[in-house]
Amino acid sequence: MCDPGCERPPTYRCRFFRVHIYIPAVKRILPHTLSPLTHSESNVYIERLQSAMSTPEIPAKAPMVLVIGSGLTGPVIAILLQKKGYSPVVFEKYTENADIGTTIALMSNGTKVLGVADREMMEEVYKRSRLVEAIYELNGKNEVLGGNEDLRNYHAKFGGHPFGWQRTDFRLTLIRQLAKHGIEFHEGWTLEKLVEGENSVTAYFNGGRTAVGDFVIGCDGANSVVRRTILEDFHKAENPHAVYSGTTHWAGFSPVPEGWNDPPCFRHIYATGSHVVCYPFTNTEISWGVTLRIPEPSKKDWRTYAPEETARLIKDLLPIAEKAGFQPNILKMLEETTRLIKFGSYDLVNELTPAQWHSNRLVLMGDSAHPSGVSLGQGANMSLGDCYALYEQLPDLTMGDRDFIARLKQLDTTLPAIFQKYAEKRQPITVALVKGARAQSFVRTDEDWEARDHRLKTSWETGVAKQGLEDICNEPFPGAVPPVTV
Ligand SMILES: Cc1cc2nc3c(=O)[nH]c(=O)nc-3n(C[C@H](O)[C@H](O)[C@H](O)COP(=O)(O)OP(=O)(O)OC[C@H]3O[C@@H](n4cnc5c(N)ncnc54)[C@H](O)[C@@H]3O)c2cc1C
């Protein structure tokens, strides 16, 4: 343990004795008593180490990373960066966490990244959500076309349990983690402009506020300002906009139909020209989404509806669902809706190349890099995969050995190559999933239901559907155990 004269850089603070601890073994024995040092605490020790090593030219601070956006991606990458010795600061344009959307379903490829970021957080997520144990696909007559009852074993197999969780609660939990980890978080800061210098980036926010960082991570969603800056200012290219994919979705919450929580499962029901996906996200509530093909977007009625408007809107949906051929149990679930939203699916048809994911000091992840339609339920999962991939590529700058000073010095020159490697790894995977979501939206709304049902049945019988699911769950690293990164 560090006394005031100690020159070794500590990496952890003991919660009970208020001392700074260096010895890694203590971390292994008593992990729950320790928390990482804050940015300013770390820098005190970097400065002390610098003077001890008589290397005054070495930069005095852990790299400051400006993370733009606190949706689902921003908080997770911030926590991962801190684990590697970086100093993240998160900026979010909204000042309050509006109660928006319905639920997010995560598969193992997303959940396992939450576990790498903070195991305690993953366990909290598990406790507060509904773990899903199986997936079934059915036709409009409620006949099972195929399924997989092995999802209950996915935590052991792939490192993360599939589950559905209310979006607002999910996001709030992630934001709370920032405070727990002592990560600076600024709400009500809207990024307007970025100017890249040789050794730093200046971010300009609303109200004339600025922040300077070593690099910037754009987690600012489908209409990203960071993407615009990379494309227009750095690559002198056009910034592509996400386009309407041709499907409109109604999504809501209802009481769980009897027997549908045993086991809790993802149910996909394919009717004529329409599809419903549903899964319980608490013991009593089920989340559902209906996909309809509607050629022209009609944004005026896309929003979250107040409870008193819900019954009126559902009256419009029920005859459409009945005509598509959904059975009475589905119609009853829709009729009992307690919360409703309507929205259109958007994606980037002309995907970005890996080089367009970054400049020298700006890099994209999540929806800013690959806005996607919702028909594969992979948007958030992909975003978490991006978080892990960048975390893996960045050098470890945690203090504890003398090499970290050398790594710190190298970072400036190697950043563009690190970003390129990260983008080359993620771009092909995300392009395939965005295209897959678009293709799936056609499968969901196919009018030729007999041929479609036959194809779906065959894909389960031949093992193709199960393999596809497992391939996804083997990202961003195969199996359950992350490789050791340096
Ligand atoms: C209805 C719906 C259902 C979905 N269901 C699923 C699902 O089941 N499974 C799944 O994997 N994915 C799902 N998705 C996709 C998923 O929600 C997104 O892929 C995911 O939220 C992307 O996270 P993100 O952090 O990149 O972007 P976002 O979650 O969009 O977050 C971006 C953040 O940046 C902030 N921001 C934007 N501009 C600025 C600025 N200029 N300055 C500062 N802050 C800014 C925004 O306010 C926001 O908080 C669904 C999407 C929708 C719309």
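Reply: One may begin with handedness: a crossing is right-handed if the near helix is turned clockwise from the far one by less than a right angle, and left-handed if anticlockwise. In this predicted model, helix 3 passes helix 11 in a right-handed crossing.

Me: At what angle do helix 3 and helix 11 pack?

Reply: Angles under 35 degrees count as roughly parallel. Here helix 3 (residues 74–83) and helix 11 pack at about 20°, and their axes are 9 Å apart. Helix 3 is therefore roughly parallel to helix 11.

Me: Which residues of helix 3 and helix 11 meet?

Reply: Helix 3 contributes Val76, Ile77 and Leu80, which meet Leu384, Cys387, Leu390 and Tyr391 of helix 11. The residues of this contact comprise seven nonpolar, no polar and no charged.

Me: Which residues come nearest to the ligand?

Reply: There are 32 residues around the ligand, and Gly69, Gly71, Gly221, Gly366 and Gly379 come nearest. Two or more residues of the shell come from each of strand 5 (87–92), strand 6 (103–106) and helix 11 (379–393). Helix 11 gives the most, with four residues. By class, the shell holds 13 nonpolar, 15 polar and four charged residues.

Me: How is burial to be read, and why is helix 4 largely enclosed?

Reply: A residue counts as buried if 20 or more other C-beta atoms lie within 10 Å of its own. Ten of the ten residues of helix 4 (residues 108–117) are buried, so the rest of the structure largely encloses this helix. Among them are Lys112, Val113 and Leu114. Of the 486 residues of the protein chain, 44% count as buried.

Conventions
Residues numbered from 1 in each chain as written. Predicted model: local features only at pLDDT ≥ 70, side-chain atom pairs only at ≥ 80, totals over all residues. Near = placed C-beta within 6 Å. Nonpolar A, V, L, I, M, F, W, Y, C, P; charged D, E, K, R; others polar. Buried ≥ 20, exposed ≤ 12 C-beta atoms within 10 Å, placed from the backbone. Axes fitted to C-alpha atoms, helices over the stretch in contact; angles between N-to-C directions. Parallel < 35°, antiparallel > 145°, perpendicular 65-115°, else oblique. Contact = placed C-beta atoms within 7 Å.
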